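Dear colleague,

Please find the structure for your review below. My notes on it follow, and I would be grateful if you read them with the coordinates open.

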Amino acid sequence: MSVKKLKTPPSWDLSDFYSSTKDKKITADIKKIALESEKFVKDFAGKIVKSDAKKLVEAIKKYEEICELIGKVSCYSQLLYASDLSNQNYISFYQNTTEQLSEYESKLVFFTLELNQIDDKKIATLLKNSDFKKYQPFIRDTRAFKKYQLSHDLEKFSLDKSITGRNAFVRLFDETVNNLKFSYRGKILNSQQIFDLTSNSNENVRKDAAKAIGKTFEENAKIFAFITNTLAKEKATDDKWRGFEKPISARNLSNFVEDEVVETLVKKVKENYKNISHRYYKIKAEMLGKKYLNHWDRNAPLSKAENKIIEWEDAKNLVLSAYEEFHPEMRKIGKIFFDKNWIDADARTGKDSGAFSHPTIPSIHPYILMNYQGKIRDVMTLAHELGHGVHQYLAKSQGYLMSGTPLTLAETASVFGEQLTFQKILKNEKNSQKKKLIIAAKVEDMINTAVRQIAFLEFERKVHDARKNGEIPLEKICEFWLEVQKESLGSAFKFDDEYKFFWSYIPHFIHSPFYVYSYAFGECLVNSLYGVYKSGKVKNFEAKYLEMLAAGGTKHHKEMLEPFGLDARDPKFWQAGLNVIIGYINQLEK
């Protein structure tokens, strides 16, 4: 590790929500939620189908108001919990508020169910009313789930039961991962510290860190296998009752993307394994002077310069400068996150080891969590999450019900932010050898975003398909993992026995089944989108891009991409995105 010590990055200020868990405003807000949800049931339950446009608009506005207030308390508890998963006060507060709020959420379940009981002809007539038409995207997306909804009582039961069912196992996973300790060269390290060593320039450091990770994962593998099996069965049960044909179908519907579009993406990425990841890692082995790569070499830096510490202020200025060169508004919004302490970047013990930008609620603003340790990959993580943040900030004008973006399009702004920052770094570097290293680092990021995430998706498919036939033995899960890793990474890699347990710490498998393809979707989409930007074929591209972000959830992928002349249903669209990665690899080969 570098001798230079990083200055402590900032922690966020959550006072825009409440001053603390003891704030009396929390009690007041929960009391208001209780009263308003009771009144909502009294005013509208059983009356939605026969309501006119005026009454329905009144109901939607009140529903949105209550949901946002629930979201305020819920988001605050989630952010506190993520900031320190070892803090018993935060854990209790998170669990207790989740249970309380679930009770009020279940009272509201009738509304969307009754909304979907209105026949299509009446909906078409109602949409002629200008006030009602404003909520057309909300109506459209709600009715998309009509076919898969359960009865009112079953929906309420499902929501209530999730507290001790799915949510409980997700929490068990999070707290288990957070509490893992890794024995490394006589020291005990946490997750952030040990994984940081896997990208060290010293191979022995990487190897010892990988061995330590594998040992700890193996010691905890049975509980991770139990959680994986339980949640896969829980999902299969839910899918069966709702009528989803495939395990991935529910995710596709929530992303408002057709099954065939996702299958085209997956097919294209897998067809390009050989020409992208297999080829790149052979080049990397040569660059490192090795016949083959061990699994601990995957994130090995190609130069000791990559171990250089980048201070938080320098990272901030680099990302904001890259954003400004695209459009001044991007910098203006991004700067607010730094100025007002909306980012928690300090890599503390107990903190969630991942990174995210939480949109929270429109009446407040997004918050970003990451673990900044001064590496170039941390700079790219900042660019990624700030892209989400800018997107969420722009989209909040759509209101609580329509600001949320499907995961596939949510990853567009984040990956685009990374691309802008990468291009800025490349432009600033004049040394041709260093440029080569920068391009190689970008190729690795792209492989991690596209190829690796599709391999993750294939792992999930194997797990969920196998679970239909009963409990999956731990060894079988490990076997699935090695199969997809070997297929996606190629013959350049050698995998030691401990690598078979590395599936166990990936949170997306637990939190959001089949979420992972959204990254590949975003990567290929952005590559194609950036190509259009650089071609100059679309007038006012920058303004149209910001307009796309501000649309939030009001538009789906077809409408979003239309102004840029792109179509996600076309296999050539995905290949064009993958060709960008291939082009960079061609440069490295030369």
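Two strands are said to pair if DSSP finds at least two bridges between them. With that in mind, please note that this is a predicted model, and that the bridge partner of Ser-357 in strand β6 is Ile-368.

**The sheet**

Three strands form an open sheet in the order β4-β6-β5, and their pairing is mixed. The edges are β4 (343-346) and β5 (356-358), each of which pairs on one side only. From one strand to the next, the twist averages 15°.

The two pairings may be taken in turn. Strands β4 and β6 run parallel and are joined by three bridges; here Ile-343 stands opposite Ile-368 of β6. Strand β5 pairs with β6 (residues 367-372) in the antiparallel sense, also over three bridges. On that side, His-358 stands opposite Tyr-367 of β6, while Ser-357 has Ile-368 as its bridge partner. In general, strands of a sheet pair through backbone hydrogen bonds, either parallel or antiparallel.

How many of the six residues of β6 are buried? Six of the six are, so the strand is largely enclosed by the rest of the structure; buried here means under 20% relative accessible area. In a regular strand the side chains alternate between the two faces of the sheet. In β6, Tyr-367, Leu-369 and Asn-371 point one way, whereas Ile-368, Met-370 and Tyr-372 point the other way, and all are buried. Helix α2 (residues 53-83) lies across β4, β5 and β6, and runs at about 155° to β5.

**Two further sites**

The first topic is Ser-191, which lies in helix α9 (residues 191-196). Ser-191 has a relative accessible area of 8%, and it is therefore classed as buried. Leaving aside residues up to four places away in sequence, Ser-191 touches Val-177, Phe-182 and Ser-353.

The second topic is a nonpolar surface patch of about 340 Å², made by Leu-154, Phe-157 and Trp-241. Of these residues, Leu-154 is found in helix α7 (residues 152-161). Is Leu-154 buried or partly exposed? With a relative accessible area of 32%, Leu-154 is partly exposed.

Yours sincerely

Terms used: Residues are numbered from 1 along each chain as its sequence is written. This is a predicted model: local features need pLDDT of at least 70, side-chain atom pairs count only at pLDDT 80 or more; totals for chains, interfaces and linings use all residues. Side-chain values use heavy atoms; hydrogens and water are left out. Helices (H or I, at least four residues) and strands (E, at least two) are DSSP runs, numbered from the N terminus. Buried means under 20% relative accessible area, exposed over 50%, partly exposed in between (1.4 Å probe, protein chains only). Contact means heavy atoms within 4.5 Å. Axes are lines fitted to C-alpha atoms, for helices over the stretch in contact, and angles run from 0 to 180 degrees between N-to-C directions. Patches are made of residues with over 30% relative accessible area and no salt bridge: like charges are joined within 9 Å, nonpolar side chains (Val, Leu, Ile, Met, Phe, Trp, Tyr) within 5 Å. Accessible areas come from the Shrake-Rupley method with a 1.4 Å probe; for residues, only the protein chains shown count as cover. A salt bridge is a side-chain nitrogen of Lys or Arg within 4 Å of a carboxyl oxygen of Asp or Glu.
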